[in-house]
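Q: I'm new to this one, so please keep it simple. Take me inside and give me a close look at what is packed there.

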Amino acid sequence: MTIQRIESGTRMSQAVIHGDTIYLSGQVGEPGASVADQTRQVLTQIEDLLAQAGSDKSKILMATIWMADMADFAEMNTVWDAWVGGKDAPARATGEAKLATPDYKVEIIVTAAR
């Protein structure tokens, strides 16, 4: 089985495809933007990467969401819920963690089918 890498750099690839499974690296939005704006930006990036990999958001199997502050959970969820649209919701876990910089408020990692 071959492995395909999308937007590969010296440190990481934005996506790796193995067979019919797509693994995305953690996606973050514009540093300093609001939680809602960062979430929207991340979801757009996810859609773009999935399209490059031959998939779409309806085929997301699992999402892991890291938040810098769980107090922002409702704000992130408002954007997430509108994006998922109540259909094809993936398995999901959400936790709080220090992200790469304090200006990042949300990081989302997904695994999807092709």
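**A look inside the core**

A: Let's start with how much is hidden: 37% of the 114 residues in the protein chain are buried (under 20% relative accessible area; exposed is over 50% and partly exposed is in between, with a 1.4 Å probe and protein chains only). Keep in mind that this is a predicted model, where local features need pLDDT of at least 70 and side-chain atom pairs count only at pLDDT 80 or more, while totals for chains, interfaces and linings use all residues. Residues are numbered from 1 along each chain as its sequence is written, and side-chain values use heavy atoms, leaving out hydrogens and water.

The protein chain has 2 helices and 7 strands (DSSP runs numbered from the N terminus: helices are H or I with at least four residues, strands are E with at least two). Read from the N terminus, the order is β-β-β-β-α-β-α-β-β.

On to the inside itself. The largest nonpolar core holds 26 residues, and Leu24, Ile46, Trp80 and Ile108 have the most contacts inside it. Such a core is a set of buried Ala, Val, Leu, Ile, Met, Phe, Trp, Tyr and Cys residues joined through side-chain atoms within 4.5 Å. At least two residues each come from strands E2 (13–18), E3 (21–24), E5 (60–67) and E7 (106–113), as well as from helices H1 (35–52) and H2. H1 gives the largest share, 7 residues. As a rule, nonpolar side chains in soluble globular proteins tend to be buried together.

Zoom in on Ile108. Leaving aside residues up to four places away in sequence, Ile108 touches Ser25, Gly26, Gln27, Val42, Leu43, Ile46, Thr64, Ile65 and Trp80, a contact being heavy atoms within 4.5 Å.
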